[in-house]
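Here's a quick briefing to read with the model open in your viewer.

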Amino acid sequence: IPKDPARRRVRELAALGKRLQQVHPNVLAKVLKQGTVFQNEEIVVINKPYGLPVHGGPGIKNCITDVLPILAKMLENMKAEPLHLCHRLDKETTGVMVLARSKEVADRVRLLFKTRQVEKIYWAISVGDPDPTEGIVEIPIVEKEVRSHQPHYKMTLAPNYRLSREDGKVVKIRKNRNAESAVTRYRLLARSSACSLLELQPITGVKHQIRVHLAYGLGCPILGDHKYSHWSKLAPQKLPEITLKRLKLEQSKARHLPLHLHAHRLSLTLGQRIDLVCKPPLFFQKTLEKLELDIKKD
């Protein structure tokens, strides 16, 4: 282990996502069991770790779906049927995740998500701060190919209006048929060291919605969001000097910074109202401390 705290921090950050990909599925199920925040006869709620994909794919050794049968047995008994996914979180997002004990309950919870009857509150650390400090971003989102020396796909904004280059007047744009309506409510909780702690409530559920609305709508990308900090290239996020100094990082090592997006709270009604809260992971809490982002208690 490096003695130099800055190098130690880089090592810690670089190891974050890889660790859970190398463990045995039983060990992973045990980690998820330890991260259980709530359970009753219908649902099990876990605090999803960083870097763990929900579904499998090329190069993915471990994912949540694969260990649901083991987790069910660990939580209940050897005869328990596998748990069911009710919604998904990105691989890099941490926090509240609801699993159902039966297919019927899973269908009910999925319907609540689909009909927007689930209240979701996220926390994110952003680079820069939004102006105004509170509001609603309502800009449709579409997936587009970025034609650069490394062609790749990204979600981006597809606004319905733009300013005319000729006379500066507002012009309505022909609607993009593939664009999905996207609405995110946001509020500044704290700011320091050229960064902010934001509370976010996605009203819709479009892929990468919070990341796109913050980066391209408000001009303050999420800390560690290397994908949406630039449009035309795939490159590590460029950070202000004060931020690097507080995080004890060099710009050349910024690529190791994880995405600071956490599903903090989720409320839904299944018979009774259930309010679920997950503490941010340790790396997120350490970043808050280092950047001196103090949450004012409501």
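UniProt lists residues 43–215 as "domain: Pseudouridine synthase RsuA/RluA-like", and that comes from an unreviewed entry. Keep in mind that we're looking at a predicted model here.

**Helix α2 against helix α3**

- Helix α2 covers residues 25–34 and helix α3 covers residues 64–75; the two pack at about 65 degrees, with 9 Å between their axes.
- That angle is why α2 counts as roughly perpendicular to α3.
- As for handedness, α2 and α3 cross in a right-handed way.
- On the α2 side, the contact uses P25, N26, L28, A29, K30, L32 and K33.
- Facing them from α3 are I64, V67, I70, L71, M74 and L75.
- Sorted by class, the residues where α2 meets α3 come out as 10 nonpolar, 1 polar and 2 charged.

**Helix α1 against helix α7**

- Helix α1 (residues 5–19) packs with helix α7 (residues 282–290) at an angle of about 145 degrees, and their axes are 12 Å apart.
- The crossing of α1 and α7 is left-handed.
- From α1, the residues making the contact are R9, E12 and L16, while α7 brings in F283, K286, T287 and K290.
- What's the class make-up of the contact of α1 with α7? There are 4 charged residues, 2 nonpolar and 1 polar.

**Salt bridges**

- Searching the whole structure turns up 13 salt bridges.
- One of them pairs E76 with R101, whose closest N and O atoms are 3.3 Å apart.
- As background, side chains of opposite charge can pair when their charged atoms come close.

- Some context before the two cases below: most residues other than glycine have a negative phi, and most peptide bonds are trans.
- Which way does the peptide bond from D131 to P132 go, cis or trans? The D131 to P132 bond is cis, its omega being near 0 degrees.
- P132 falls in the loop that runs between β5 (119–127) and β6 (134–138).
- S193 isn't a glycine, yet its phi is positive, near 55 degrees.
- You'll find S193 in the loop between β11 (183–192) and β12 (195–202).

**Around I139**

- I139 belongs to the loop between β6 and β7 (141–146).
- I139 and A182 are 43 residues apart along the chain, but their C-alpha atoms are separated by 5.8 Å.
- Setting aside neighbours within four places in sequence, the contacts of I139 are L157, A158, P159, A182, H213 and G217.

Methods:
Residues numbered from 1 in each chain as written. Predicted model: local features only at pLDDT ≥ 70, side-chain atom pairs only at ≥ 80, totals over all residues. Heavy atoms only, no water. Axes fitted to C-alpha atoms, helices over the stretch in contact; angles between N-to-C directions. Helix = DSSP H or I, 4+ residues; strand = E, 2+ residues; numbered from the N terminus. Parallel < 35°, antiparallel > 145°, perpendicular 65-115°, else oblique. Left-handed = near helix turned anticlockwise from the far one by under 90°. Contact = heavy atoms within 4.5 Å. Nonpolar A, V, L, I, M, F, W, Y, C, P; charged D, E, K, R; others polar. UniProt positions renumbered as here; feature names shortened; annotations may be inferred. Salt bridge = Lys/Arg side-chain N within 4 Å of Asp/Glu carboxyl O.
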